[in-house]
Amino acid sequence: MQPDAAIATFQLSSGTTLTQASPWDTFAVTPESPALAVMTDLTKVKAATIHPDQTLRQAEQTMIYQGVRMLFVVSEMPRLEGLITSTDLHSERQMSLVHSRNLRFDEARVADVMSALSMLDAIAFDSMRVATVSNLIATLRSLGRNHLLVVQAGAAGTARQVRGVISRAQIERQLGRPIEVAGVAGNFAEVVRALL
């Protein structure tokens with residue numbers, strides 16, 4: 001074909017259908033399935049983000065719009081500062097913040113209730129290569145978490161990168177059954193945060 005030649009066109013007939021995307025995460029898994037089968041891979045799915053100065057109402061709307069329960073908090077891409085979950089939006093910490101500062105829900109900011117980077121639990125991407133879904137469930141249970149970050153080592157002299165996310169809700173969808181995860185305070189910082 002010549003570089004400036006038009007491509008042939010045709011009229012559509014009745015009965016033409018749309019190609020439906022096959023969601024990558026709809027296949028069923030078992031506890032013995034590879035852990036990578038339930039990881040949201042950020043090299044394939046764009047990370048849902050929010051700025052720390054946005055309001056909790058804006059965070060809630062972003063989660064609804066993007067169909068997620070967790071947002072990465074970033075001031076300047078790609079530097080991660082923390083994350084905020086749907087649970088954080090209506091937590092006791094958020095409620096006490098609103099009351100102590102005499103604020104309305106839509107005046108509180110993401111930075112006020114997000115989990116800072118130093119409080120997040122992560123697992124190595126290399127560990128994911130040999131782990132199973134059962135291992136992930138055990139990890140979520142031991143930490144009392146709904147999410148885990150999967151971190152990949154950076155090239156020499158570069159920072160680590162969050163490569164993926166493990167979500168309890170995602171595992172439940174793919175397993176076809178609920179997973180019980182009791183909330184526990186995993187470290188002193190979480191105990192202090194729970195008391196604030």
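This is a predicted model: local features need pLDDT of at least 70, side-chain atom pairs count only at pLDDT 80 or more; totals for chains, interfaces and linings use all residues.
By buried I mean under 20% relative accessible area, and by exposed over 50%.

Let me start with helix α3, residues 92-100. Which residues of α3 are buried? They are Gln94, Leu97 and Val98. Around the axis these residues cover an arc of only 100 degrees, so they sit on the same side of α3. Glu92, His99 and Ser100 are on the other side, and they are exposed. The cover over the buried residues of α3 includes α1, α2 and α4. Just after the helix comes Asn102, with a positive phi of about 55 degrees.

Now to α1, which spans residues 56-66. Its buried residues are Leu56, Ala59, Glu60, Thr62 and Met63. Looking down the axis of α1, you find them within an arc of 160 degrees, so they line one face of the helix. The face turned away from that buried side carries Ile64 and Tyr65, which are exposed. What do the buried residues of α1 pack against? The list is β2 at 49-50, β3 at 70-74, β4 at 80-85, α2 at 86-89, α3 at 92-100 and α4 at 110-113. After α1 comes Gly67, and its phi is positive, near 65 degrees.

Which side chain does Glu60 meet in a polar contact? It is that of His90, at 2.9 Å.

Next, the sheet. Four strands make an open sheet with mixed pairing, and the order is β1-β8-β7-β6. At the edges are β1, residues 40-41, and β6, residues 122-124, each pairing on one side only. Inside the sheet, β7 pairs with β8, residues 161-167, in the antiparallel sense, over six bridges. Within that region, Val150 stands opposite Gly164 of β8. Helix α6 lies across β6, β7 and β8, and runs at about 120 degrees to β7.

In soluble globular proteins, nonpolar side chains tend to be buried together. Which members of the largest core here touch the most other members? Of its 19 residues, they are Met128, Leu136, Ile166 and Ile171. Two or more residues each come from α5 (125-128), α6 (133-143), β7 (147-152) and α7 (168-175). The largest share is that of α6, with four residues. To take one of the residues in detail, Ile171 touches Val38, Val133, Leu136, Ile137, Leu140, Ile166 and Ile179, leaving out residues up to four places away in sequence. Apart from this core lies another, of 15 residues, and among them are Ile50, Leu56, Val98 and Met114. Two of these names have come up already: Leu56 is on the buried list of α1, and Val98 is on that of α3.

Last, Glu172, which is found in helix α7. Is Glu172 buried or exposed? It is buried, with a relative accessible area of 19%. The side chain of Glu172 reaches the backbone nitrogen of Ile179 at 2.9 Å. Beyond four places in sequence, Glu172 touches Arg177, Pro178 and Ile179.

Conventions: Residues are numbered from 1 along each chain as its sequence is written. Side-chain values use heavy atoms; hydrogens and water are left out. Buried means under 20% relative accessible area, exposed over 50%, partly exposed in between (1.4 Å probe, protein chains only). The arc is that of the directions from the helix axis to the C-beta atoms. Contact means heavy atoms within 4.5 Å. A nonpolar core is a set of buried Ala, Val, Leu, Ile, Met, Phe, Trp, Tyr and Cys residues joined through side-chain atoms within 4.5 Å. A polar contact is a pair of N or O atoms within 3.5 Å; within protein, one must be able to donate a hydrogen and the other to accept it, and residues adjacent in sequence count only if both atoms are side-chain atoms. Two strands pair if DSSP finds at least two bridges between them. Axes are lines fitted to C-alpha atoms, for helices over the stretch in contact, and angles run from 0 to 180 degrees between N-to-C directions.
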